[in-house]
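Subject: Structure for you to look at

Hello,

Here is the structure I said I would pass on. Please open it beside this email and follow along.

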Amino acid sequence: MTYEKRSDGRKMDELRPIMAKVGIIPNADGSALFAAGKTIAIAAVYGPKLLHPAHMKKPDRGIIRCNYNMLPFSVSERARPGPSRRSKEIGMVSGNALASVVDLKRFPNAVIDVDIMILQADAGTRCAGINAAAMALAHAGVVMKEMISSVAIGKIDDKIVTDITKEEEDYHDGEGATDIPYTLTSNTKQITHLQLDGKIQVNRLKESYEAAKIACEKVLDCQKRALKGEDIDENKESKK
Ligand code: ADP
């Protein structure tokens, strides 16, 4: 038995419909929404501003302080509000992915606060959050060496698939499902964030990176268009 057909009818290398928009939170210095299918993330950027508490200050550079949270009813079972081990870990990896492209030496003693909120979750929330946060940073005018774009590639049984859903993550037949969230830089296609939940052979991992490169290029196109002021909603476009 092999995984032949995706439950939502997408091709193996097809992303879910994307929504992307900047400037959704007027009081933030930068803000954005990024959605992939039923996964919806928003991000707000505040700063760069002087860092408090003072003992965390770095005299030679700024820091990115990234928080990731989910709305309690963003998942089928109500998620407990407040920080969890999972949310702290995702906040940390998202912040690191962003920090690798921001020239933090320009902001000594400062902090850039990045707040990611998941409004609705259907897997790939860390990727949607990173996409929204990168757009929000650019919208705030923070100089970035490159843009970053993120997507979760899966291996479901023997197939490499792009942008997996929760239902696909939970696939248990055959070899089961492996979830590999990737974040890539826009020009040099370097990996700034990579996680792996499950198991995969090295040659298939390389295949998954190639799939991530193609998918991230499509995500990047939406991020760039949104940053130019377009209100992107591929759900509407597909109905036209
Ligand atoms: P990601 O959302 O980045 O794929 P995970 O692999 O941890 O991160 O989560 C996969 C999916 O599992 C989430 O997108 C969400 O649909 C679901 N999920 C995560 N946490 C919870 C939770 N506390 N309760 C119910 N579902 C959850």
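This is a predicted model: local features need pLDDT of at least 70, side-chain atom pairs count only at pLDDT 80 or more; totals for chains, interfaces and linings use all residues.

As background, strands of a sheet pair through backbone hydrogen bonds, and the pairing can be parallel or antiparallel.

Next along, A41 has I118 of strand 5 as its bridge partner.

The hairpins

Strand 2 and strand 3 form a hairpin with 2 residues between the strands, and there G37 takes a positive phi near 60°.

Another hairpin is made by strand 6 and strand 7, again with 2 residues between the strands. Strand 6 covers residues 148–156 and strand 7 covers residues 159–162; they run antiparallel and are joined by 4 bridges. One of the pairs to look for is K155 with its bridge partner I160 in strand 7.

Most residues other than glycine have a negative phi, and most peptide bonds are trans. A few places in this model are worth checking against that.

D157 is not a glycine, yet has a positive phi of about 55°. You will find D157 in the loop between strand 6 and strand 7.

Where are the cis peptide bonds that I noted? The bond from G47 to P48 is cis, with omega near 5°, and P48 lies in strand 3. The bond from H52 to P53 is cis as well, with omega near 5°. P53 is in the loop between strand 3 and strand 4.

The ligand

The ligand sits in the largest pocket. Around the ligand are V75, E77, R86, A121, D122, A123, G124, T125, R126, K166, E169 and D179. By type, this shell divides into 3 nonpolar, 2 polar and 7 charged residues. Helix 2 (125–139) and helix 3 (166–169) each supply at least two residues of the shell.

What distances separate the ligand's oxygen atoms from N or O atoms of R86, G124 and E169? For R86, an N or O atom of the side chain is 2.7 Å from an oxygen atom of the ligand. For G124, a backbone N or O atom lies 2.9 Å from a ligand oxygen atom. For E169, an N or O atom of the side chain is 3.4 Å from an oxygen atom of the ligand. On its own the ligand has 530 Å² of accessible area, and the protein covers 76% of that.

- the cis bond from G47 to P48;
- the side chain of R86, with an N or O atom 2.7 Å from a ligand oxygen atom.

Regards

Technical notes
Residues are numbered from 1 along each chain as its sequence is written. Side-chain values use heavy atoms; hydrogens and water are left out. A residue is near a molecule or strand if one of its heavy atoms lies within 4 Å of it. A polar contact is a pair of N or O atoms within 3.5 Å; within protein, one must be able to donate a hydrogen and the other to accept it, and residues adjacent in sequence count only if both atoms are side-chain atoms. Accessible areas come from the Shrake-Rupley method with a 1.4 Å probe; for residues, only the protein chains shown count as cover. On a 1 Å grid over the protein atoms alone, a cavity is a set of points where a 1.4 Å probe fits but cannot get out, and a pocket is an open set with protein on both sides within 12 Å along at least five of seven lines; lining residues have an atom within 4 Å of a point. A molecule sits in a cavity or pocket if more than half of its atoms lie within 2 Å of its grid points. Ala, Val, Leu, Ile, Met, Phe, Trp, Tyr, Cys and Pro count as nonpolar, Asp, Glu, Lys and Arg as charged, and the others, Gly among them, as polar. Two strands pair if DSSP finds at least two bridges between them.
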